[in-house]
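This report describes the architecture of a single protein chain. Please look at the sequence and the model before reading on.

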Amino acid sequence: MDATRVDPDLGLTSAQVAERISRGEVNAAPEARSRSLGDIVKANTFTWFNGLVGSLWVIMLIVAPFQDSLFGFVIVANTAIGIIQEYRAARTLAKLAVLGEARPLVRRDGVDAEIATDDVVLGDVIVLRTGDQLVVDGVVLSSEGLEIDESLLTGEADPVDKAPGDAAMSGSFVVAGGGVYQATRVGRDSFAAGLTEEARRFHLTNSELRDAINGFIRGISFLLVPVGLLLIWSQLVRANLPVDEAIRGTIAGIITMVPEGLVLLTSIAMAVSVIRLAQKRVLVQDMPAVEVLARVDTICVDKTGTLTEPGMHLRDLVPLADVPDLTALLGAVATSEPSPNPTVQAIADAYPDPTWTVSGTVPFSSARKWSAVAFADHGVWVLGAPEFVLPQDADLLGRAESLSADGSRVLVLAGADTLPDADAALPPVQPVALVVISQQLRSDAAETVAYFLEQDVTVKVISGDNAATVGAIAAQAGVPGADRPVDARSLPDNVDELATVMGEASVFGRVTPTQKQGMVDALHHRESTVAMTGDGVNDVLALKNADLGIAMGSGSGATRAVAQLVLLDNKWSVMPSVVAEGRRVLGNIERVSDVFLTKTSYAVIFSLFTGLFAVAFPFLPRHLTVIGALTIGIPGFFLALMPNTERFRPGFLRRVLLFAIPSGVICAASALTSYNVALAVGEPLSSAQSAATVTLFIVATSVLLQSARPLNLIRIGIVASMVVAFCGVLFIPWLSTFFALSLAPERYSVVAVVTGLVGGVLVWVAALITDRYRRPPR
């Protein structure tokens, strides 16, 4: 697309905007983070397993009684629940995303106003401020020290100075200065849209948890065909059963091997978690963030806006030289900044602008940590961190250090002969005043830090402020090691050496944006799972490199764009409940995985036993439907939504199989013992199948109890209700007839119950042994 140049002071007129909208020249691009209802229905319905189960369901409806086809209705119900929950989550996220999205400042009819990103049209004049993310491609019309970081697009870490006529790409962000640019490419034609549309496309959970479950299911998939062929051959040829009975037994064996509900339950738990987080005003921009929440062991926080309240106030002004109109000078310096940060804004609020004529500026940069301004009749002045403006002045640095001991931020105002070059070292300057800015600790900061420490999550405070200031605030918040803050200017560049320092220290000051990114990399080098919180443009690179980026809702547009979570109410105190939500979901999914994969384990053994020894399958399909519903599906749904504070650890599949395989072997051995004993004493096949079903239910209930630990009244109540329901199936006549299950006062019934109880005890013993390798060390 091309855009006709317009007056940068006026922008487009309303008529021109309407004309472009009518031509479709708007910044409309498909939303990458969500799916339509149709996509959700297709993704949940047309799956490989639904196709397999659906085909077997149709066959079963043809050859067997209706009761043996109940497994098909369970799949329908599960799929419907999955669609509903995911659609609810998508709608919730869509509503919150409107609050968290970047809103560019557009100039139309000579008036500046913030509008939605999708409302930008071709040719719009957009005003850029520090921290803004560019939402469309364009050309710079005017620049006031405009520096743009294009690292998210090009990988180049150094900011790029932009002059009138230079191109500006969407997806980059302003790190210093300000300016105006005109949109030349919008929507799908913009650089970032073309680059990231496919990469950012919605996905449910591309994570260790999801990958482990899918990997297990792929392994089971390879067994289905040979085991199915073995079953049908043994039932028809060797056992000489009628065709319909052989097909029933084969389908029962295959269906039980498939842990289809586990994938669905994982998706439901994730979707419910997103909805719960949304109720806490936390916007989840990337679904895998829920899993990362559960695995975080280190959280890095910025001091300003996270540990401290968002606002700042000028507390004191310490003159160092006799300068006339010092307050007017400070007011003029502060108001000359095109995009003032909270520190400069505090000075501007304290001292009025004398409206001096500005002849040149160097905007503040987090990397430089100073700004400069030249006035036509009042000289050249530099305002910034004492350590960067006058690094050799020991007396000045000592005074600044003492003033910052209570957590205040200290700046120095110094005079210069000429306006400094933004890319060169500062020329000699003369200090004239120290400016003390007060910051107040959030009332809930100490409580939040204490929660993380109790949960074995290490807290690192990383700030661009003076190390003593950061240490004082961190000490008030209760961060360990706050009495030994580290000045980041002394940090090594080598990642191994930096990783050692990151392991020893917890509070860092004078950190540049590049160093923040390096610190996250160093923590990764220590195999830590890192969450990073931030609100400023200087946090963008670190947020992007962290396992979990968390932005404040009031933060810069660039910060919110790269973060996986956005705290819309700017309350860091919500983080404990956010982390708890992630742990609840992932810990409970591991719980229910225990019972799902136990079922797969015993199903494989049943199928192999039946195929190799050419006996009738020990269960009717309806029997396995009852057991699956009462020991796995129904209780698993409730267990997946219950509280759980255990941190999710790598090795999910190993831990689950360590429990599931021994438990599955015990289940299968117990049920087959009852089955064979009943046949040996002359009981008919139907009675032997009832005996096997009763035994399997008892042992599977023991498995459920073990996976539900630690037990409480609610969990015990859930398991007890499943036992009551099974007793209802056994002893209520019409249910007993419907499911072909009964427990008559015969010898096989005693054997079935006793064998089940023995199996239950063996499961308990096996759990005691495997817990040594599954549970985290205390």
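**Overall**

The model is predicted. The protein chain has 28 helices and 21 strands. Its C-alpha atoms fill a box of roughly 110 × 60 × 40 Å along the principal axes. Of the 778 residues, 57% count as buried. Among contacts between residues at least 6 apart in sequence, 73% join residues at least 24 apart.

An open sheet is built from 6 strands in the order 10-15-14-13-12-11, with antiparallel pairing. Strand 10 (313-319) and strand 11 (358-362) are the edge strands, and each of them pairs on one side only. Direction ignored, neighbouring strands of this sheet are turned by 20° against each other on average.

Strand 15 (residues 429-438) pairs with strand 10 in the antiparallel sense over 6 bridges. Within this pairing, P319 has A433 of strand 15 as its bridge partner. Strand 15 is also joined to strand 14 by 8 bridges, and these two strands run antiparallel. Here A414 has P431 of strand 15 as its bridge partner.

Helix 12 (residues 326-336) lies across strand 10, strand 11, strand 12 (370-375), strand 13 (379-384), strand 14 (409-416) and strand 15, and runs at about 110° to strand 12. Helix 15 (residues 394-403) packs on the sheet as well, touching strand 10, strand 14 and strand 15, and its direction makes about 5° with that of strand 15.

In helix 13 (residues 342-350), the residues T343, V344, A346, I347 and A348 are buried. The cover over the buried residues of helix 13 includes helix 12 together with strand 10, strand 13, strand 14 and strand 15.

**The mixed sheet**

A second open sheet contains 8 strands in the order 8-21-20-19-9-16-18-17, and its pairing is mixed. Strand 8 (282-284) and strand 17 (486-487) stand at the edges with a single partner strand each, so one side of each has no neighbour in the sheet. Strand 16 (residues 458-462) and strand 18 (residues 507-509) pair in the parallel sense over 2 bridges. The bridge partner of I462 in strand 18 is F508. Helix 17 (residues 467-477) lies across strand 16, strand 17 and strand 18, running at about 145° to strand 18.

| Strand pair | Sense | Bridges | Bridge partners named |
|---|---|---|---|
| Strand 10 and strand 15 | antiparallel | 6 bridges | P319 and A433 |
| Strand 14 and strand 15 | antiparallel | 8 bridges | A414 and P431 |
| Strand 16 and strand 18 | parallel | 2 bridges | I462 and F508 |

**Helix packing**

Two packed helices are described by the angle between their axes and the distance between the axes. The axes of helix 23 (residues 621-639) and helix 26 (residues 713-731) come within 10 Å and cross at roughly 155°. This angle makes helix 23 roughly antiparallel to helix 26, because angles over 145 degrees count as such. Helix 23 passes helix 26 in a right-handed crossing. On the helix 23 side, V626, L630, I634, P635, F638 and L639 take part, and they meet R715, I718, M722, A725 and F726 in helix 26. The residues of this contact divide into 10 nonpolar, no polar and 1 charged.

Helix 16 (residues 445-454) packs with helix 22 at an angle of about 25°, with their axes 9 Å apart. Helix 16 is therefore roughly parallel to helix 22. The contact is made by T448, Y451 and F452 of helix 16 and by M575, P576, V579 and A580 of helix 22. By class, it has 6 nonpolar, 1 polar and no charged residues.

D594 lies in helix 22 (residues 575-613). Is D594 buried or exposed? Its relative accessibility is 3%, so D594 counts as buried. Leaving aside neighbours within four places in sequence, D594 is in contact with V656, F659, A660, S707 and R774.

Notes:
Residues are numbered from 1 along each chain as its sequence is written. This is a predicted model: local features need pLDDT of at least 70, side-chain atom pairs count only at pLDDT 80 or more; totals for chains, interfaces and linings use all residues. Side-chain values use heavy atoms; hydrogens and water are left out. Axes are lines fitted to C-alpha atoms, for helices over the stretch in contact, and angles run from 0 to 180 degrees between N-to-C directions. Helices (H or I, at least four residues) and strands (E, at least two) are DSSP runs, numbered from the N terminus. Angles under 35 degrees count as roughly parallel, over 145 as roughly antiparallel, 65 to 115 as roughly perpendicular and the rest as oblique. A crossing is left-handed if the near helix is turned anticlockwise from the far one by less than a right angle, and right-handed if clockwise. Contact means heavy atoms within 4.5 Å. Ala, Val, Leu, Ile, Met, Phe, Trp, Tyr, Cys and Pro count as nonpolar, Asp, Glu, Lys and Arg as charged, and the others, Gly among them, as polar. Two strands pair if DSSP finds at least two bridges between them. Buried means under 20% relative accessible area, exposed over 50%, partly exposed in between (1.4 Å probe, protein chains only).
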